Amino acid sequence: MPTLTALSPEILAKYQPVIGLEVHVQLLTATKAFCGCVNKYGGEPNTHVCPTCLGLPGALPVLNRQAVEFAVLAAKAINCEIRETSIFSRKNYFYPDSPKGYQISQFDKPVAEHGWIEVPAFDASGAAITKRIGVTRLHMEEDAGKSIHDGFADSVSKTYIDLNRCGTPLVEIVSEPDLRTADEVFEYLTKLKEILLYTGVSDCNMEEGSLRCDANVSVMLKGAKEFGTKAEVKNVNSFRYIRSAVEYEIERQIGVIEEGGRVVQESRLWNSAEGRTYSMRSKEQAHDYRYFPEPDLPPLVVGAEWREKIFKMLPELPEARRARMIAEYEISAQDAATLTATRDFADRFEAAAKKAKSPRRVAALLTSELTMRLRLAGLELEQSPVSMEGVVMAADLAESGELSSKMLKQLLDSAFEKNEDFPVVYEREKPQQISDTGAIEAMIDEVIAGNAKQVEQYRGGKKTVAAFFVGQVMKLSKGQANPALLNELVTKKLDALGPLN
C-alpha cells in the first residue's frame, strides 16, 4: 500500500464513515467467572489458576452469581432489555492462551440487548446535538490468558504464556454502527466508561486491560445505500489513541478507494509510535467458531424477582445526577460536570454541600481553589491536606464575609504548604477582617484624596472606576477590609461627591 498522504477536505467530504465498537469490560468480582480462583490483576505468572480455568479433564464450571448481577447492572445502566433466559455457548478456537480450546461465551441468546447511550455530537450544519448510539447487545463471557512476546532473553524465538487472566469474567458491549466520526467514538467511550465506573461493576483500567476496545471502521460514498467493507482496529489502549486510530483508518480507506483499490476485510493493529494502523490478519473469510450450547452450564434465568433486586443496586447515573445537582444546588452546568466526574467526588461534594451555608460556594471552592492546588501539588482528592470539613468551614467563612477572597487564598496556600487542614491553619493564623465602618471610611477618604484623576473620571460617568478605589483600599488594608462593606461604602462616598457640572 502506498504511504498515506493527506487527503483534501473535498475528497474527505465525499465519503461517510461508519463505525461500530466492541468493548470488553472485565468485571470487578472477587473470583473468576466459573471457578473460585482470585480475580486479581498481576501476581506471579500462572499462580491464579486451577483445573477449571486451565481446562483440565473432568473440571466443571460453576457460574459466578456476582458476575451475573454485575452484567445485568451494567446492561440496565445503558438502557438494555434484560433477557429472562440466556444461554452460554462454547466459542471454539485454538490459541495458546486458551488452554480449553474454546471460550465460554454467549451467542444467539445474550443476557441483554437493544440498549443505547446518548453522546454530544454535531449535525450536518455544525449545530450541537445529542445523538443516541444504539447498543446491539451485552453478553457475558470469560477472558483468555495472556501471550507475552517480549521481555525475555529468548523472546525472539519464544512466546511465554501467563494464564492468570484465564476465566476472568467479562461483558462484551457491542454498539450499532451508528457512529460517524472519531470524535463521536471518543465521546461514546468516555460516556460508557463514566457509566460503568458509577455502577461499580469494573475499574475500567485500560492499562491493566480491564477495558479494551475494537473499532469496526468502513467508509462509503455519501448517499450510498450499502456500507463499505469494514476493517477491525484492535489492541488500542487509550481513548486518545482510539480516536487517532479511527481518524487514520478513515483516511486510509478513502485513500485506497480514491486510488482505485479495494478495502479488504481484515484485523489491523494501531502503532501509536508511527501513528498508523497495519494489517494483522485477513478476515475475508468468516471464522467458523462452531458455536454450540455449553453442555456443562444450564440456561441462565434472571427472573423478575432477581432482576428487581439487582436494579435496586443501580446508583443515580451521571447525567441524572448532574441535572438534579444543577437544580438543587443552583450550580453551573460546568461545575456540575466537574463535580460528577467520579461517583466518589460527587458523593463528597453532596455531603459537604448539605452541611454548608452555600452549596454554590462549596462548589466554587472545590472546582477552582482546591482543584488547582491539588493539580499543582500532584495530589488526588483523597490526599488533600484540606478535608471536606475544612472546605465547608472555608466556604462558610467566605459566605458570611468574615474572610475576603485574598485572605481565603492565603489560608489555603498555607494549608498546602504546611500540609495542614484548613481549621488548624485558620485558628493559628486567623486574619482579622476589618468591618468597622469608620476605619474603612477613613481609608477610602485617603485613597480619594490621593487620586484626583480617577475621582474626576467617576464623577464624569465612568462608574467602573469604583473598582480601582476598592482595590486601592484593599491594598491599604492588607486585604483585611470586609469586601461587601467596602464596595458599599466606596460607591456611597463617590456618589456623594456629585457629578461634574
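Which residues in H3 meet which residues in H6? From H3 come Lys191, Glu194 and Tyr198, and they meet Pro318, Glu319, Arg321 and Arg322 in H6. Bear in mind that this is a predicted model.

**Helices H3 and H6**

- H3 spans residues 182–199, while H6 covers residues 318–329.
- The two helices pack with their axes 10 Å apart, at an angle of about 85 degrees.
- That makes H3 and H6 roughly perpendicular to each other, because angles of 65 to 115 degrees get that label.

**The sheet and what packs on it**

- There's an open sheet of 9 strands with mixed pairing, and reading across it you get S2-S6-S7-S10-S1-S11-S12-S13-S14.
- S2 (81–82) and S14 are the edge strands, each pairing on one side only.
- Inside the order, S7 (residues 128–142) and S10 (residues 169–175) run antiparallel and are joined by 7 bridges.
- If you want a spot to look at in that pairing, His139 stands opposite Glu172 in S10.
- H2 lies across S2, S6, S7 and S10, and its direction is at about 165 degrees to S7.
- H3 packs on the sheet too, where it touches S1, S6, S7, S10 and S11 (211–221).
- The direction of H3 makes about 125 degrees with that of S6.

**Aromatic pairs**

- The structure holds 11 aromatic pairs.
- One of them is Phe34 with Phe88, an edge-to-face pair at 5.8 Å centre to centre and 85 degrees between the planes.
- Phe34 and Phe88 are both buried.
- Phe107 and Tyr291 are stacked instead, with 4.0 Å centre to centre and 5 degrees between the planes.
- This second pair also links distant parts of the chain: Phe107 sits in the loop between S5 (102–106) and S6 (112–122), Tyr291 in the loop between S14 (276–282) and S15 (292–293), and they are 184 residues apart.
- Phe107 counts as partly exposed because its relative accessibility is 40%.
- Tyr291 gets the label partly exposed as well, at 26% relative accessibility.
- Phe107 and Tyr291 belong to one aromatic cluster, together with Tyr93, Tyr95 and Tyr289.

**Charges over rings**

- Lys76 puts its charged end over the ring of Phe311, 4.6 Å from the ring's centre.
- Over the face of Tyr102 you'll find Lys100, at 5.5 Å from the ring centre.

**Positive phi values**

- Most residues other than glycine have a negative phi.
- You'll find Arg290 in the loop between S14 and S15.
- With a relative accessible area of 43%, Arg290 is partly exposed.
- Asn419 isn't a glycine either, yet its phi is positive at about 55 degrees.
- Asn419 lies in the loop between H11 (405–418) and H12 (422–429).
- Asn419 counts as exposed, because its relative accessibility is 57% and the label applies over 50%.

Definitions and conventions: Residues are numbered from 1 along each chain as its sequence is written. This is a predicted model: local features need pLDDT of at least 70, side-chain atom pairs count only at pLDDT 80 or more; totals for chains, interfaces and linings use all residues. Side-chain values use heavy atoms; hydrogens and water are left out. Rings of Phe, Tyr and Trp (its six-membered ring) pair if their centres lie within 6.5 Å; planes under 30 degrees apart count as stacked, over 60 as edge-to-face and the rest as tilted. Buried means under 20% relative accessible area, exposed over 50%, partly exposed in between (1.4 Å probe, protein chains only). Helices (H or I, at least four residues) and strands (E, at least two) are DSSP runs, numbered from the N terminus. A charge sits over a ring if NZ of Lys or CZ of Arg is within 6 Å of the ring centre and within 35 degrees of the ring normal. Two strands pair if DSSP finds at least two bridges between them. Contact means heavy atoms within 4.5 Å. Axes are lines fitted to C-alpha atoms, for helices over the stretch in contact, and angles run from 0 to 180 degrees between N-to-C directions. Angles under 35 degrees count as roughly parallel, over 145 as roughly antiparallel, 65 to 115 as roughly perpendicular and the rest as oblique.
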